[in-house]
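Dear colleague,

I am passing on the structure we spoke about, and my notes on it follow below. Please read them alongside the coordinates.

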Amino acid sequence: MTATPSPGEATNGFAGRAGWVLYQLATSPYFVIINIFVFASYFQQKVVGDSVQGQVVWGYTQAVAGTFIALGAPILGALTDAYGPRKPGLVFFSLAAIPAMVALWFVTPGEIWLGVIAIVIAAITMEFAAVYHSAMLPSVSSERNVGFMSGLAFSFDYIGSVSLFIIWLLIPTFGMLAMLEGDFVHERLAGPLAAIWMVVFSLPFLLFTADRAPSPVSMVTAAMSGLRKLGNTVRNVSHYSNIATFLVVRAIYADGMSAVFIFLAGYLGGVYGWSTDRIGIYALIVLTVPIFTSFIGGWIDDLIGTKRTIQICLFFFTLSVLGSISTTPDEYLFFFAVTDELRNQQLPVIGSLLATFGFTQFPEQLGLLFSLIGGAFIGPILASGRTMVARISPREMISEVYGLFTLTGKATAVLAPLCVAIVTSATQSQRIGFSVILVFLVVGLIGLFWVREERAELAPR
């Protein structure tokens, strides 16, 4: 693994920056195809066998994974700041995720526990790897373009998701499914395909992206030093009050966004009765939008500031979620009935285009339009959230703050799936359960007014 001769942040050239960006492309199919759309929908509808109960089980599964991630991420971040290199941890957890993704092939209807265990392991290892990847952002960017680089990585994130989605959708036309035995082989292929994709597109990162040089101390000494640093940060939380405020606020709105991602496929499948293939086409359409808006959002971030970018994008994302909840096959915007005549009409301008993809009825076209609006702002919100950490954290504790970034995100991420699962179970309504997400988005949006975009000084140690 390439390393710089000094313990400071590495300086990467074009090849190193490209490798860092491509790693995000490599990992994106897990987060999107497995955790949001194809496998998530298949697990809830077919493995569990009931959309409502499936949403409950999926919510508890994500909550368990989130608990372990929240406990481990800040410790890993603090250890890495003390030890130096990021790549060894990233490689270790990436490799550990591969068997879990491959195991999803064996999750057939009724094999609920195998699916739960595989998803929990994959979620933990992929999120830990993401801590190390995010911590390398300062080594592939400057103060002038940190927003753009973060946004560019998210653009490639969605390029990876869309590309593998297309491959997945085309597999039946190649006749490959006939070569495989069992039921739902198309859906079960999502895990192995994501694993292969990650291995192939991680290679440029491994070969060309420079890492920090290791510190002269041993791993054990670095671990003890990292834990002491983490303890010192906790004791000096008042000194880092602005960072703490942002981490808590971001955790709240990110929890809402995460819940949208976690439950969206199962919600759409249950409300509209869409098949997994139809959900795949829906996802392909929606995920194409942030390919373009993510790097544009990063460029705007560098122009107008990270906080303002997040506020604008989160506002429109919240409106899009509200619009999606407002529309069902029988009503739209909460108060208007879908008559038989209206059902077969199409939206102005884009309706005929959406119809070519199989979305021919007014309610599903309107729901898809709201999803497209939301999709335009997903990438910029995620990218600017990561950029904010790089802008407001002391340079000496970037990895530690990214670990806390993951901790706070996952600490409350346990809450949103639990709330959705509990409300869905109590009301036996996917729509009401899904609506809980709006609370997290609105509270996060309000909380951003208390965040300042300024770099903190390192507290005395």
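I would begin with Thr309, which, once its neighbours within four places in sequence are left aside, is in contact with Gly297, Ile300, Asp301, Ile304 and Ser384. Please bear in mind throughout that this is a predicted model. Thr309 belongs to helix α12, which covers residues 306-326, and because its relative accessibility of 4% falls under the 20% cut-off, Thr309 counts as buried.

The next item is a pair of helices, α2 (residues 38-47) and α5 (residues 112-135), whose axes come within 11 Å and cross at roughly 160°. Since angles over 145 degrees count as roughly antiparallel, α2 is described as roughly antiparallel to α5. The crossing of these two helices, α2 and α5, is left-handed. On the α2 side the residues that take part are Phe39, Phe43 and Val47, and they meet Ile112, Gly115, Val116 and Ile119 of α5. Sorted by class, this contact of α2 with α5 comprises six nonpolar residues and one polar residue, with no charged residues.

The structure holds zero disulfides.

Notes. Residues are numbered from 1 along each chain as its sequence is written. This is a predicted model: local features need pLDDT of at least 70, side-chain atom pairs count only at pLDDT 80 or more; totals for chains, interfaces and linings use all residues. Side-chain values use heavy atoms; hydrogens and water are left out. A disulfide is a pair of cysteine sulfur atoms within 2.5 Å. Axes are lines fitted to C-alpha atoms, for helices over the stretch in contact, and angles run from 0 to 180 degrees between N-to-C directions. Helices (H or I, at least four residues) and strands (E, at least two) are DSSP runs, numbered from the N terminus. Angles under 35 degrees count as roughly parallel, over 145 as roughly antiparallel, 65 to 115 as roughly perpendicular and the rest as oblique. A crossing is left-handed if the near helix is turned anticlockwise from the far one by less than a right angle, and right-handed if clockwise. Contact means heavy atoms within 4.5 Å. Ala, Val, Leu, Ile, Met, Phe, Trp, Tyr, Cys and Pro count as nonpolar, Asp, Glu, Lys and Arg as charged, and the others, Gly among them, as polar. Buried means under 20% relative accessible area, exposed over 50%, partly exposed in between (1.4 Å probe, protein chains only).
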